[in-house]
Amino acid sequence: MARTTDGDGTPVPQRLLAAATRLFAERGYDRTSVQEIVEAAGVTKGALYHYFGSKEDLLQEVYSRVLRMQQERLDAFADADAPVERRLRDAAADVVVTTIENLDDASIFFRSMHHLSPEKNKQVRAERRRYHERFRALIEEGQRSGVFSSATPADLVVDYHFGSVHHLSTWYRPDGPLSPQQVADHLADLLLRALRP
């Protein structure tokens, strides 16, 4: 099967994901039909089922693609040749910015994750846990070296930061007073203040 249709150059999987993301955000996952997705993407149902086994697979991919991108970026920050405080701050700010840049994906997922099968839910949770563990490892590195206070367990510090990140979709507005980078800077600074010895 060809990777593009109608000569617009956009690969079919991306077109399907873009259409699904927009429709899930506007109408909700459960009120969006496969037919509406393929019509919005300008492809056939056969094309959808060639790339995605089901509407549920689209829902999983909406979130997983953002998480994969964030994981790659976190790995780059964590592996950088910089002091641990700088690496943690960069990672903490980045996850805020990338979540805001993909706010529809995040809000769709947290609103609709209960629609995933237990197996798919388990896969997504494992991907998210891997991200959190890498982030926690930075905190633990700083705690072991004395750069960060170890008064608060690293797990709780991770939950504190990601509680803020996961709620961005409930309050952040693009037309609000703070840019994505300003929100990211404030939240990253809060995190580092909480870790100061």
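Which residues of H6 are buried? The points below take up this question together with the confidence of the model and its cavity.

1. This is a predicted model, in which local features need pLDDT of at least 70 and side-chain atom pairs count only at pLDDT 80 or more, while totals for chains, interfaces and linings use all residues. Residues are numbered from 1 along each chain as its sequence is written, and side-chain values use heavy atoms, with hydrogens and water left out.

2. The mean pLDDT (the predictor's confidence in each residue, from 0 to 100) of the protein chain is 91, and 96% of the residues reach 70 or more.

3. The buried residues of H6 are Leu103, Asp105, Ala106, Ser107, Ile108, Phe109 and Ser112, where buried means under 20% relative accessible area with a 1.4 Å probe, protein chains only. The helix is thus mostly covered, with 7 of its 10 residues buried, and these buried residues pack against helix H1 (12–27), H4, H5, H7 and helix H9 (168–171).

4. Within helix H6, Ile108 has a relative accessible area of 0%. Leaving aside neighbours within four places in sequence, Ile108 is in contact with Thr21, Phe24, Ala25, Leu59 and Met113.

5. The structure holds 1 cavity of 30 Å³ or more, a cavity being a set of points on a 1 Å grid over the protein atoms alone where a 1.4 Å probe fits but cannot get out. The largest cavity has about 160 Å³ of space, a volume being the space filled by probe spheres set on the points. Its lining consists of 15 residues, of which Tyr63, Leu67, Gln70, Thr99 and His166 lie nearest the centre, and lining residues have an atom within 4 Å of a point. Two or more lining residues come from each of helix H4 (55–79), helix H5 (84–101), helix H6 (103–112), helix H7 (118–145) and helix H8 (154–166), and H4 gives the largest share, 4 residues.

6. A UniProt annotation from an unreviewed entry, "domain: HTH tetR-type", covers residues 10–70, and such annotations may be inferred rather than shown by experiment. Over residues 10–70 the chain is 77% helix and 0% strand, with the end C-alpha atoms 23 Å apart.

How values were computed
1 Å grid on protein atoms, 1.4 Å probe; cavity = no way out; pocket = protein on both sides within 12 Å on 5 of 7 lines; lining within 4 Å. Buried < 20%, exposed > 50% of the residue type's maximum accessible area, 1.4 Å probe, protein only. Contact = heavy atoms within 4.5 Å.
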